[in-house]
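Visitor: I'd like to learn how to read a protein structure, one feature at a time. Could you walk me through it?

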Amino acid sequence: MTIQPYTTTVQVTADRDWLASRHGTDSTETITLDLGAFTKGVHYALPEPGQAHGFVRSGVPVGRITASGLYGPYDPAAADGRQVLAGLVYAEAPYTPGAKNVPCALFWHGSVKTAHIPGGIDPAKVAPAPGAAQIRFLGEVAA
């Protein structure tokens, strides 16, 4: 048996056009996403040909799933904890195919450009709650 170690790198271009200011970017929290709860093409991208990793998009709004403690896509109509906006995925989070849980940074307070949030969000439906994100939404809602 021979062992052939190799090294690989992941390069993802930061696309944070949803970010309206740098306020809050220095105090993100580490969370774990339940990748199975997200929608392919909207919230995350599959690996490109020749790439080893896909990634969860930066700016995706998330809520904490009460039963598991993991995070899924924010949904104001949910009844599993995701109806409370915890924040947004701060940086693109790479994952390997077959991964179920993806660690990432949570942007939980600051200002964002509403029209640039992946998957969209209606700020009028974001209800204040203890422990919820402290996000200021700027601009029009994208259709």
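Visitor: Which side chain makes a polar contact with that of Trp18?

Guide: A polar contact is a pair of N or O atoms within 3.5 Å; within protein, one must be able to donate a hydrogen and the other to accept it, and residues adjacent in sequence count only if both atoms are side-chain atoms. Here the partner is Ser58, and the distance is 2.9 Å. The side chain of Ser58 also has a polar atom 2.7 Å from the backbone oxygen of Tyr90. Keep in mind that this is a predicted model: local features need pLDDT of at least 70, side-chain atom pairs count only at pLDDT 80 or more, and totals for chains, interfaces and linings use all residues. Residues are numbered from 1 along each chain as its sequence is written, and side-chain values use heavy atoms, with hydrogens and water left out.

Visitor: Is Ser58 buried or exposed?

Guide: Buried means under 20% relative accessible area, exposed over 50%, and partly exposed in between (1.4 Å probe, protein chains only). Ser58 has 3%, so Ser58 is buried. Across the 143 residues of the protein, 37% count as buried.

Visitor: What does Ser58 contact, leaving aside neighbours within four places in sequence?

Guide: Contact means heavy atoms within 4.5 Å. With those neighbours left out, the contacts of Ser58 include Asp15, Trp18, Val89, Tyr90 and Pro118.

Visitor: Val89 is on that list. Which residues have the most contacts inside the largest nonpolar core?

Guide: A nonpolar core is a set of buried Ala, Val, Leu, Ile, Met, Phe, Trp, Tyr and Cys residues joined through side-chain atoms within 4.5 Å. The largest one has 16 residues, and Val89 is among those with the most contacts inside it, along with Ile31, Leu33, Val56, Val62 and Val102. Strands S1 (29–34), S7 (93–95) and S8 (101–107) each give this core at least two residues. S8 has the largest share, with three. There's also a second, separate core of 13 residues, including Leu19 and Ile117.

Visitor: How many aromatic pairs are there?

Guide: A pair of aromatic rings is described by the distance of the centres and the angle of the planes. Rings of Phe, Tyr and Trp (its six-membered ring) pair if their centres lie within 6.5 Å; planes under 30 degrees apart count as stacked, over 60 as edge-to-face and the rest as tilted. The structure holds three such pairs. Tyr44 and Tyr95 have ring centres 5.9 Å apart and planes at 80°, so they are edge-to-face. They link distant parts of the chain, 51 residues apart. For Tyr90 and Phe107, the centres are 6.2 Å apart and the planes at 25°, so that pair is stacked. Ring pairs join Tyr90, Phe107 and Trp18 into a cluster.

Visitor: And which residues form the salt bridge?

Guide: A salt bridge is a side-chain nitrogen of Lys or Arg within 4 Å of a carboxyl oxygen of Asp or Glu. The structure holds one. Arg82 and Asp80 form it, with their closest N and O atoms 3.0 Å apart. Arg82 is buried at 16% relative accessibility, while Asp80, at 29%, is partly exposed.

Technical notes. Helices (H or I, at least four residues) and strands (E, at least two) are DSSP runs, numbered from the N terminus.
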